[in-house]
Each structure stands twice: as C-alpha cells, then as structure tokens.
Amino acid sequence: MAMYVSLIQFTDQGIRNIKDTIKRSEAAMAEAEKMGMKIIEAFWTMGAYDVVVLLDAPNDETMSAFTLKIGSMGSVKTQTMRAFRRKEMEKILAKIK
C-alpha cells in the first residue's frame, strides 16, 4: 500500500458544524475501508490546516476517488501528497546514477 498525507481545511460548512468533526472522521474511516484504504491516524491541528491525516491506499486512483468523495460532502477541502517510507526512498535513490 502507498502512504499519503492529507492536509485538511474546514470549509464554512465544516466550521459551522465543528461539533460533528469526530463523527465525520469516523464516517471517513468507514468510507476509506469500503474503498480498500486505511486511515492510519488523524490529527486535529492549529495553524493553516485544521486536520492532518495519514492514509494507506492501494494506488493514486483510489486515493483520488476518496478525496473527491469526501470533498463533495462540503465540510472540508484537502491537499493530498504521496509520502514515501524509508525503504521506498532507498529504492528511489538507488535509481539515481
């Protein structure tokens, strides 16, 4: 599985319904599992982003479908990055000649 980091910001709708953020997180976890993914951890943060989420997904297409579905619900905007574990980075670096 590939790892991803999602940086999440609440929309106006999301902040108006902030008391539901834990329920929304649980619903996102269930949706991720249905799509063959796993939310490893979610962190509510201070600063430019409201939540940082670590996820495992089988591929970029599945991850994209998940973020589009979550975003279409209207409570959050996401920026998602592919993250490479140490062993993956070692393989990448080995290709540099």
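Modeller: In this predicted model, strands S1 and S3 run antiparallel and are joined by 7 bridges, and within this pairing tyrosine 4 stands opposite leucine 55 of S3. S3 also pairs with S2, again in the antiparallel sense, over 6 bridges, and here valine 51 in S3 is the bridge partner of tryptophan 44. The hairpin made by S2 and S3 has 6 residues between the strands, and in this hairpin glycine 47 takes a positive phi near 115 degrees.

Turning to how S3 is covered, 5 of its 7 residues are buried, so the strand is mostly covered, where buried means under 20% relative accessible area. In soluble globular proteins, nonpolar side chains tend to be buried together. In this model the largest nonpolar core has 17 residues, and those touching the most other members are Met37, Ile39, Val53, Leu55, Met63 and Phe66. Two or more residues of this core come from each of strand S1 (2-10), helix H2 (21-34), strand S2 (38-44), strand S3 (51-57) and helix H3 (60-72).

Isoleucine 39 gives a view of these surroundings, for if residues up to four places away in sequence are not counted, isoleucine 39 touches Val53, Leu54 and Leu55, and also Ala28, Met29, Ala32 and Phe66. Phe66 is touched by glutamate 31 as well, which also contacts Lys69, again not counting residues up to four places away in sequence. Glutamate 31 is found in helix H2, and it counts as buried because its relative accessibility is 11%, under the 20% cut-off.

Notes:
Residues are numbered from 1 along each chain as its sequence is written. This is a predicted model: local features need pLDDT of at least 70, side-chain atom pairs count only at pLDDT 80 or more; totals for chains, interfaces and linings use all residues. Side-chain values use heavy atoms; hydrogens and water are left out. A nonpolar core is a set of buried Ala, Val, Leu, Ile, Met, Phe, Trp, Tyr and Cys residues joined through side-chain atoms within 4.5 Å. Buried means under 20% relative accessible area, exposed over 50%, partly exposed in between (1.4 Å probe, protein chains only). Helices (H or I, at least four residues) and strands (E, at least two) are DSSP runs, numbered from the N terminus. Contact means heavy atoms within 4.5 Å. Two strands pair if DSSP finds at least two bridges between them.
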